[in-house]
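This briefing is meant to be read with the model open beside it. Please take each topic in turn and find the named residues as you go.

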Amino acid sequence: MAATRFYVSGKVQGVWFRAGAREQAVALDLRGYANNLRDGRVEVLAVGEDSAIERLAQWLGHGTANARVDRLEREPAAEAEAGDGFVCG
């Protein structure tokens with residue numbers, strides 16, 4: 001299992017980005033969450049197989065049809081931070 005935290009910048013709030021990320025993560029059998037941050041970014045924690053996390057990263061790079069991703073940052077995370085399933089906060 002791998003754990004990665006993503007920070008997505010751009011027009012990513014109010015465009016169903018978190019719900020889309022959740023949909024993708026569930027389809028990829030990932031655990032974690034997607035949260036809006038006060039600075040306008042979306043934080044995504046993904047825990048699962050490396051290949052599934054990479055596929056999620058590809059999706060996060062463009063997001064939903066109404067989103068505009070300007071920057072995608074990633075860093076290692078602790079697997080223990082993810083609960084069961086994938087939730088939007």
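Predicted model: local features only at pLDDT ≥ 70, side-chain atom pairs only at ≥ 80, totals over all residues.

Strands, like helices, are DSSP runs, a strand (E) having at least two residues and a helix (H or I) at least four, and they are numbered from the N terminus. Ser 9, for instance, lies in strand β1.

**The nonpolar cores**

- In soluble globular proteins, nonpolar side chains tend to be buried together.
- The largest nonpolar core here has 22 residues, and those with the most contacts inside it are Phe 6, Phe 17, Leu 30, Val 44, Leu 56 and Leu 60.
- At least two residues of this core are supplied by each of β1 (2–11), α1 (17–27), β3 (42–48) and α2 (50–60), and the largest share, six residues, comes from α2.
- Another core, of five residues, lies apart from this one, and among its members are Ala 3, Leu 45, Val 47 and Ala 82.

**Leu 30 and Ala 46**

- Once neighbours within four places in sequence are left aside, Leu 30 is in contact with Ala 25, Ala 46, Val 47, Gly 48, Glu 49, Ala 52, Ile 53, Leu 56, Gly 85 and Phe 86.
- Ala 46, one of these partners of Leu 30, is found in strand β3, and it counts as buried because its relative accessibility is 0%, where the cut-off for buried is under 20%.
- Although Ala 46 and Leu 30 are 16 residues apart in sequence, their C-alpha atoms are 6.1 Å apart in space.
- Leaving aside neighbours within four places in sequence, Ala 46 is in contact with Ala 2, Ala 3, Thr 4, Phe 6, Leu 30, Arg 31, Ile 53 and Leu 56.

**How α1 and α2 pack**

- Two packed helices are described by the angle between their axes and the distance between the axes.
- For α1 and α2 the angle is about 155° and the axes are 10 Å apart; since angles over 145 degrees count as roughly antiparallel, the two helices are therefore roughly antiparallel to each other.
- The crossing in which α1 passes α2 is right-handed.
- On the α1 side the contact is made by Phe 17, Gly 20, Ala 21, Gln 24 and Ala 25, and on the α2 side by Leu 56, Trp 59 and Leu 60.
- Sorted by kind, the residues of this contact divide into six nonpolar, two polar and no charged.

**Two residues with positive phi**

- Most residues other than glycine have a negative phi, and most peptide bonds are trans.
- Trp 16, in the loop between β1 and α1, has a positive phi of about 65° although it is not a glycine, and it counts as exposed because its relative accessibility is 69%.
- Asp 29, in the loop between α1 and β2 (31–36), likewise has a positive phi, near 60°, in a residue other than glycine.
- Is Asp 29 buried or exposed? With 66% relative accessibility, Asp 29 counts as exposed, because the cut-off for that class is over 50%.
- Asp 29 and Ala 52 are 23 residues apart along the chain, and their C-alpha atoms are separated by 7.6 Å.

- Ala 67, placed in the loop between α2 and β4 (68–76), counts as buried at 15% relative accessibility.
- Which residues does Ala 67 touch, not counting residues up to four places away in sequence? The residues that Ala 67 touches are Lys 11, Val 15, Phe 17 and His 62.
- Cys 88 is found in strand β5 (residues 86–88) and counts as partly exposed at 35% relative accessibility, a value that falls between the limits of under 20% for buried and over 50% for exposed.
- Not counting residues up to four places away in sequence, Cys 88 touches Arg 18, Ala 19, Arg 22, Ala 34 and Asn 35.
- The C-alpha atoms of Cys 88 and Ala 57, which are 31 residues apart along the chain, are separated by 17 Å.

Notes:
Residues numbered from 1 in each chain as written. Heavy atoms only, no water. Core = buried A, V, L, I, M, F, W, Y, C linked by side-chain atoms within 4.5 Å. Buried < 20%, exposed > 50% of the residue type's maximum accessible area, 1.4 Å probe, protein only. Contact = heavy atoms within 4.5 Å. Axes fitted to C-alpha atoms, helices over the stretch in contact; angles between N-to-C directions. Parallel < 35°, antiparallel > 145°, perpendicular 65-115°, else oblique. Left-handed = near helix turned anticlockwise from the far one by under 90°. Nonpolar A, V, L, I, M, F, W, Y, C, P; charged D, E, K, R; others polar.
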